[in-house]
Amino acid sequence: MSFSIDHQNNHLSSLSLSLSKMKMDRGRVKLSNAIFLFLLLSCFSVKSVLSEKAKENPFTAKASTIRYWKKHVSANSRRQIPPFLLSKASPLSAVESAFFTKLAAEKALSSHLPAFCSAADLFCLLDSRPPAAVLDSHRTDADFSFYANKQFANYGTARLGGADQFKNYSDGLNFAAGSFSRYSRDSTGHREGFTGYAADGNVASSNFTSYAAGATGGSGEFKTYMPRVNVPDLRFNSYDSDGNGHKLAFGSYSDNTNSGSQSFSGYGKNGNGAPAEFTSYGDTSNVVGSKFTSYGELGNAANDSFKGYTTNANNPNNNFKNYGSGGNGGVDTFSSYRDSANAGTDSFQSYARTSNSAKTNFVNYGKSFNVGFDAFKEYAQKGAMDQAIGFKIYGFNNSFKEYAQKGVTFAGYTKPTESTKPDGKTVNNGIEEGKFFRESMLKEGTIMRMPDIKDRMPKRSFLPRTISSKLPFSTNELIELKRTFRADEGSAMERVVVKALSECERNPSPGETKRCVGSAEDMIDFAVAVLGREVAVRTTEGVAGSGGDVAVGKVEGINGGDLTRAVSCHQSLYPHLLYYCHSVPKVRVYEADILDVESRVKINRGVAICHVDTSTWSPRHGAFVALGSGPGLIEVCHWIFENDMTWTRSDC
């Protein structure tokens, strides 16, 4: 009995121990699971915190821009900074910003310019080194298609006959450089063709020193040469000098370029019967400058024709110094020269001086729609004999100083007139169709032409204000500015910075408030100073429909379509992103859906601004030329182009 009881007690004890062990094992499992779960959640938590910290790094230039917007623009105004504006903020990291800020303060950025340009997303001409050489002189015909950045020194020298073609050469490059020094020199009957040369580049530089010097016969043709280039830099020194009957033709040369320069020094000097023809040269270009120094000097029977030269251009500047001086029997024709251009200046100093039997015809010359200025000093004087100079349908505002009194005729000399067509009927006159339009066009269902609104400037970013504020930016600091960006004397970059400075330092027009801004913070400050903190900024969403017919969809008037004040900002070419911002009073701003004409599907969202008060505009402003009216008689509207923007008071 006792055995049974003892046995039973032992069994119960063993069972109790087993149950206790099982409970302990379960406890360990639960504890292990809890620890595992804790560690797992901790990992996710740490990872999440790290990701959030990386995402919101407060020291980057973009984070600084976001904070600046939140602090200086009311929270009710569009709430967040628009993505298109934020995308222009500097890409510099916190470390890079600190490093380059220190260099800028020490005026030592130039020593690290390649790294600075790369990291800050700037436009720098660091690849402007001499192009690679094509070593031999080549005695056979050559066809250079889709070729880029080479040096053709002594190429084609003393060639007998034959032809070389440069087609689609250096197209679309950021910096296109070509050197044609002594090209085709002393050749006979050799032809050179440059077609589609350096199209759509940003900065294109070509050097034609002693090109075709001493050549007999043959021809050189420049067709569609450097079209749509931002800064063309062309030098024709001693080009075709001592040549004999070597014909040159420039067709569609430097058309639609921005801020270019052409230098023709000693061109055709001592030449014999060397005709040169400039057709559609610099057409619709912006601030193109040409310099003809000692062009055709001492030449015999030179025959030069300038037809459609700088037509429709904006403020072209051409300088003819000692042109045709000492020549014999030269014939020059200027036909539709600077016609319908905006302003512009031409200087003819000592033109045809001491020449013999020079004949010059100016037909439809200088009829710019905004008043330009032409100066003729010592023209056909100082020993000139038997000259015949004719001015037919010639523009106004010209100065004839020390001008030859014999052999000069003026016919159809233009006096200022004003257009008075308030109906707004489109008049061609060389202005791109759709560039200006009437407010009545902004209604749903209208079919209209959209101009080319594509941004042709190189891609750049703003600089952080901590850096931009330490960089020189005035003509008084030009030497230091050129040193900073390695803008050598006479270089393309020098012209870029000088032009930007002249634009930014120009006195404002009556009633205008203006400022050039190189940082997002500076732009925000200017807009807020003019309009207050309740502001919004807009731009056209894309370029779809650009240059073609579009249909207008739903139209929304900003600020209820009421008369308002705006700040418009337009890009200027400069190493970093630079905007010319100015106040625009008495305007109405609209947003409109842009539709495909056939499918009526939305392809773009455009922003248009209508200037209601045009009473202070020039009678020959391009808008009145295009629409056929005059100051104060009509309102004028235009689209905001790609990457330009307009600020208004917020609707929110």
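A: Happy to! A disulfide here is a pair of cysteine sulfur atoms within 2.5 Å. By this rule the count comes to 4 disulfides. Please keep in mind that this is a predicted model. If you number the bonded cysteines in sequence order, the pairing reads 1-2, 3-4, 5-6, 7-8.

Let's begin with Cys-117 and Cys-124. Their sulfur atoms lie 2.0 Å apart, forming a disulfide. The torsion about this S-S bond is about -80°, so the link between Cys-117 and Cys-124 is left-handed. As for burial, both Cys-117 and Cys-124 are buried.

Next come Cys-504 and Cys-516, which form a disulfide with a distance of 2.0 Å between their sulfur atoms. The link of Cys-504 and Cys-516 is left-handed, with -95° about the S-S bond. This pair links distant parts of the chain: Cys-504 sits in helix H8 (residues 492-505), while Cys-516 belongs to strand S24 (residues 514-517), and the two are 12 residues apart. Are these two cysteines buried or exposed? The cut-off to apply is that buried means under 20% relative accessible area. Cys-504 has a relative accessibility of 13%, so Cys-504 counts as buried. Cys-516, at 17% relative accessibility, therefore counts as buried too.

Now for Cys-610 and Cys-637. These cysteines form a disulfide, and their sulfur atoms are 2.0 Å apart. With 110° about the S-S bond, the link of Cys-610 and Cys-637 is right-handed. The relative accessibility of Cys-610 is 0%, so Cys-610 counts as buried. Cys-637 is buried as well, because its relative accessible area is 0%.

A side-chain contact also deserves a look, this one between Arg-438 and Glu-635. The side chains of Arg-438 and Glu-635 are joined by a polar contact of 2.8 Å. Arg-438 is found in the loop between strand S22 (408-411) and strand S23 (447-449). Its relative accessibility is 17%, so Arg-438 counts as buried.

Stepping back, here is the setting for all of this. The protein chain holds 10 helices and 31 strands. Of its 652 residues, 48% are buried. Among contacts between residues at least 6 apart in sequence, 76% join residues at least 24 apart. The accessible surface of the chain comes to about 29,800 Å², and carbon and sulfur atoms account for 53% of that surface.

The mean pLDDT of the chain is 74, and 54% of its residues reach 70 or more. Over residues 1-24, pLDDT stays under 50, and the model has 0 contacts beyond four places in sequence for that stretch.

Terms used
Residues are numbered from 1 along each chain as its sequence is written. This is a predicted model: local features need pLDDT of at least 70, side-chain atom pairs count only at pLDDT 80 or more; totals for chains, interfaces and linings use all residues. Side-chain values use heavy atoms; hydrogens and water are left out. Helices (H or I, at least four residues) and strands (E, at least two) are DSSP runs, numbered from the N terminus. Buried means under 20% relative accessible area, exposed over 50%, partly exposed in between (1.4 Å probe, protein chains only). A polar contact is a pair of N or O atoms within 3.5 Å; within protein, one must be able to donate a hydrogen and the other to accept it, and residues adjacent in sequence count only if both atoms are side-chain atoms. Contact means heavy atoms within 4.5 Å. Accessible areas come from the Shrake-Rupley method with a 1.4 Å probe; for residues, only the protein chains shown count as cover. pLDDT is the predictor's confidence in each residue, from 0 to 100.
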